[in-house]
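Subject: Structure handover

Hello,

Here is the structure you asked for, with the sequence alongside. My notes on it follow below.

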Amino acid sequence: MSTDFIKLTINNKEFEVPKGARLIDVCRDKGFDIPSFCYYADLALQASCRMCLVRIEKMPKLQTSCTIICTDGMVVTTQSEEIEKAQRGMTEFLLANHPLDCPVCDRGGECELQEMTFDWGGLEERFTEKKNYYPEKYLSPMVANDPQRCILCKRCTRVCDEWMGEEAIEAGGRGANTVIGTYMGWLDCSQCGNCIEVCPTGTLLDATYRHQARPWELAQTISTCTYCSDGCQMSLGARGGELMRIVARDRYVNGLNGEFLCVKGRFGHPFVNHEERIRTPLIRYKKGGKLIPATWDEAIRHVAQRLDAIADEHGRNAIGVVGTPRLTNEALYSLRKFSTDLVGTENYTTSDAFSLKPFFENLSAPLATHRDIRYAKTILLIGGEPEELQPLTGKQIRQAVRNGGAKLIIINSVPIRLLEQAAQFIHIRPGTEDAAILAFADKANDSLFAKKTGVDSSEIEAARELIANTAGDVVVMFGGELSAEAQAVAAQLGSALAGEGRRILLHPLPLFNNSFGAHDMGMMDGALNVTEMLDAAGSTIRAMYAAGSFLPSQLESREDPLGKLDFLVVQELFQTETTEFADVILPAASFAEIDGTYTNNDGFVQRVRQSIPPVYQARADWLITNELARELGMDFGFEMSASAVFREIGETIPMYHGLRYPVLKDESHPIQAKYKLAEPRDLSDELETIRMRVEAMADNGDKLTRTPKVGHELFKIGTLTDKVPQFHLLAAGNPRPQSVAISPLYQITVDARAGEKEAAASK
Ligand code: SF4
Ligand code: SF4
Ligand code: SF4
Ligand code: FES
């Protein structure tokens with residue numbers, strides 16, 4: 001697509017800029033500073049603060065540059081006495097009702113209003129009238145509010161509406177008494193905290209961190225979120241070895257997610273310095289005995305001896321190696337190398353909910369990045385619930401529709417919240433997602449689709465037509481509901497759906513921060529998958545080396561699989577259902593304590609950077625594997641350097657070829673792994689398997705009609721969020737405390753599982 005350019009002059013310099021560009025963006029891009037409060041790129045225009053004033057030749061008065069689209073021949077001045085006087089006047093007005101007590105405000109030191117006042121303000125207050133006063137309060141366990149500091153820029157209301165689709169926060173009152181508020185004074189929302197992040201003043205504040213540190217005391221480290229597969233960039237603020245808070249990276253540098261983070265990424269970090277972290281290596285010398293603290297040397301020696309003895313007695317394949325998809329690429333690569341090059345077992349895998357192997361083996365189109373999603377023309381979402389499981393993807397879909405006019409087709413058994421944005425909702429029966437893939441692969445399956453899903457076949461025809469009529473990008477996304485065979489067929493839809501002027505991009509929705517890396521590092525290439533591995537525990541698998549825990553559902557659905565093992569060694573941060581059976585527990589370091597990389601669902605390989613020293617005696621997972629290998633007689637040659645592991649990854653994993661840490665330095669320009677496109681191949685075996693499975697499905701059955709509650713996945717208590725008291729309040733239904741003046745943490749004692757029990761009872 002070619003871009004037309006126009007010419008304009010800014011401060012006597014001529015520039016060529018794309019037609020349709022916004023003046024404020026152009027001025028900033030060309031290095032001319034324009035102050036602003038209400039303007040926020042990619043949000044609806046507000047145009048209320050009047051800070052962004054410029055003089056445009058032939059126009060009678062000063063103009064707000066955020067509302068002006070550049071035209072050919074425009075002559076603009078951004079700095080003059082007249083402009084500065086107007087801007088100083090506006091700042092003075094903004095301060096008319098604002099307290100002048102920055103030293104006691106939690107935003108002091110990183111407040112845009114404070115900064116602007118120093119840059120543009122008169123620094124002298126001429127208003128003598130009494131200021132409005134509103135007491136400080138809590139809006140939720142995560143959001144605190146100091147209403148008198150509001151300058152009514154409405155960034156918060158716009159991100160809440162446009163990014164989150166929530167409209168949980170709104171301006172109320174009139175004139176000089178207008179304040180930002182919530183329905184019934186309490187936020188029953190997804191608690192993302194994005195309103196806090198974008199607020200330019202100390203009005204909306206992080207209730208979990210407030211009054212604990214000043215921003216200038218915090219050492220900032222740019223890293224990658226450890227929760228979902230979206231891989232948001234974030235800034236870890238630490239003081240004296242303690243991780244104090246997390247904000248989006250964009251507050252400092254532009255990143256993948258701008259200023260967006262979800263509730264887990266922003267508030268889910270207190271596990272890092274939690275007192276329940278496993279503090280030392282622990283050895284259980286005999287089954288049923290106690291775990292005894294040991295030194296690292298003793299523990300590594302003990303594990304090596306036991307694994308050696310079991311391999312001697314039962315053969316190498318009797319050793320199973322399992323990693324979690326939460327580990328870094330460096331840790332997963334080391335585990336795979338340990339399994340194949342040292343132990344020589346075929347039995348290695350990860351505890352991921354599903355494998356991406358069938359998808360990548362059939363990849364027929366490029367991966368869609370989050371940016372591609374934002375600017376897509378049509379989005380086909382089969383299964384999944386991104387607003388809860390991959391919230392950045394959810395936000396991009398919402399903005400693609402709301403701010404970009406994209407058409408969204410949702411095929412789901414659940415009326416998920418994104419439905420509000422959908423052009424078409426194909427409401428299928430639970431568990432029939434594979435039938436949709438069958439219909440997309442071949443029209444001949446339309447009647448089977450209709451019979452099993454309870455949807456008229458004209459609906460799938462309409463979806464196909466919408467895609468066929470798209471000029472521009474079509475993004476095909478799918479969740480974990482698809483079977484492995486259906487994933488393979490979905491990956492080949494790239495060739496089936498592409499056409500003249502239409503590009504197909506694919507975007508799977510795995511659940512974990514490094515599900516992609518687990519695939520790329522070869523950890524999904526072993527002979528057994530995780531369920532087969534657990535089923536073989538105690539029979540062909542005699543010992544297991546687990547870096548991380550199994551998912552509770554994987555253990556609950558079978559009878560005591562880990563108890564049947566002769567030997568289990570687990571690397572973990574906390575005691576879990578898996579460590580209960582461990583003969584040796586090795587304390588692993590969290591993402592904040594290590595260097596490494598994760599690969600997100602864009603295929604971007606992104607840095608994880610050490611923010612604090614390891615807590616207690618924790619060690620990086622890759623380092624533990626390295627030391628165990630050395631004890632077993634093989635030196636991987638990585639010494640103490642994660643970058644040496646990554647160098648080897650760059651040399652041996654084809655899609656990471658040539659990558660080194662310095663190449664990944666600038667996440668504003670993230671690097672995508674080079675996934676090879678597969679030649680279209682005959683998928684008749686897979687299609688036959690899917691067809692047989694679909695034919696065996698019932699022809700009747702009720703549909704789910706209830707839209708799930710906000711946070712039903714996000715607020716779920718897992719091993720990590722369990723260590724955040726505020727998450728327990730959210731999981732229990734976010735009850736409004738008696739007084740909003742005091743933190744709900746001090747007022748409400750909840751049964752941590754109450755919310756879950758209630759949800760289970762209502763199913
Ligand atoms: S926390 Fe998120 S969802 Fe809640 S009001 Fe703020 S922006 Fe809206
Ligand atoms: S609360 Fe903050 S973001 Fe919202 S309108 Fe007030 S100053 Fe702007
Ligand atoms: S959307 Fe995913 S990656 Fe981003 S902050 Fe939330 S959990 Fe982390
Ligand atoms: S930034 Fe232009 S009016 Fe506020």
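How many bridges join strand β3 (residues 53-56) to strand β4 (residues 63-64), and do the two run parallel or antiparallel? Two bridges join them, and the strands run antiparallel. Please keep in mind that this is a predicted model.

Staying with that part of the chain, L53 stands opposite T64 in β4. β3 and β4 make a hairpin with six residues between them. Within the turn, K58 has a positive phi of about 75 degrees. β3 is also joined by two bridges to strand β5 (residues 74-77), again in an antiparallel arrangement. There, I56 has V76 of β5 as its bridge partner.

Now the ligands.

Ligand 1 sits in the second largest cavity. Around ligand 1 are C160, E166, A168, L187, C189, S190, Q191, C192, G193 and C195. By class, this shell has six nonpolar, three polar and one charged residues.

Ligand 2 has around it C150, I151, L152, C153, K154, C156, I180, C199, P200, T201, T203 and L204. Nine residues of the ligand 2 shell are nonpolar, two are polar and one is charged.

Ligand 3 is surrounded by C225, Y227, C228, D230, G231, C232, L261, C262, G265, P391 and L392. The ligand 3 shell divides into eight nonpolar residues, two polar and one charged.

Next, a helix. α7 covers residues 296-314, which is 19 residues. The buried residues of α7 are W296, A299, I300, H302, V303, A304, L307, I310 and A311. Just after α7 comes G315, with a positive phi of about 95 degrees.

Three strands form an open sheet in the order β26-β27-β28, with antiparallel pairing. Its edge strands are β26 (596-599) and β28 (671-672), each of which pairs on one side only. Strand β27 (residues 604-608) is joined to β28 by two bridges, and these strands run antiparallel. In this pairing, F604 stands opposite Q672 in β28.

Regards

Note on methods: Residues are numbered from 1 along each chain as its sequence is written. Chains are lettered from A and ligands numbered from 1 in the order in which they are written. This is a predicted model: local features need pLDDT of at least 70, side-chain atom pairs count only at pLDDT 80 or more; totals for chains, interfaces and linings use all residues. Side-chain values use heavy atoms; hydrogens and water are left out. A residue is near a molecule or strand if one of its heavy atoms lies within 4 Å of it. Ala, Val, Leu, Ile, Met, Phe, Trp, Tyr, Cys and Pro count as nonpolar, Asp, Glu, Lys and Arg as charged, and the others, Gly among them, as polar. Two strands pair if DSSP finds at least two bridges between them. Helices (H or I, at least four residues) and strands (E, at least two) are DSSP runs, numbered from the N terminus. On a 1 Å grid over the protein atoms alone, a cavity is a set of points where a 1.4 Å probe fits but cannot get out, and a pocket is an open set with protein on both sides within 12 Å along at least five of seven lines; lining residues have an atom within 4 Å of a point. A molecule sits in a cavity or pocket if more than half of its atoms lie within 2 Å of its grid points. The expected span of a helix is 1.5 Å times one less than its number of residues. Buried means under 20% relative accessible area, exposed over 50%, partly exposed in between (1.4 Å probe, protein chains only).
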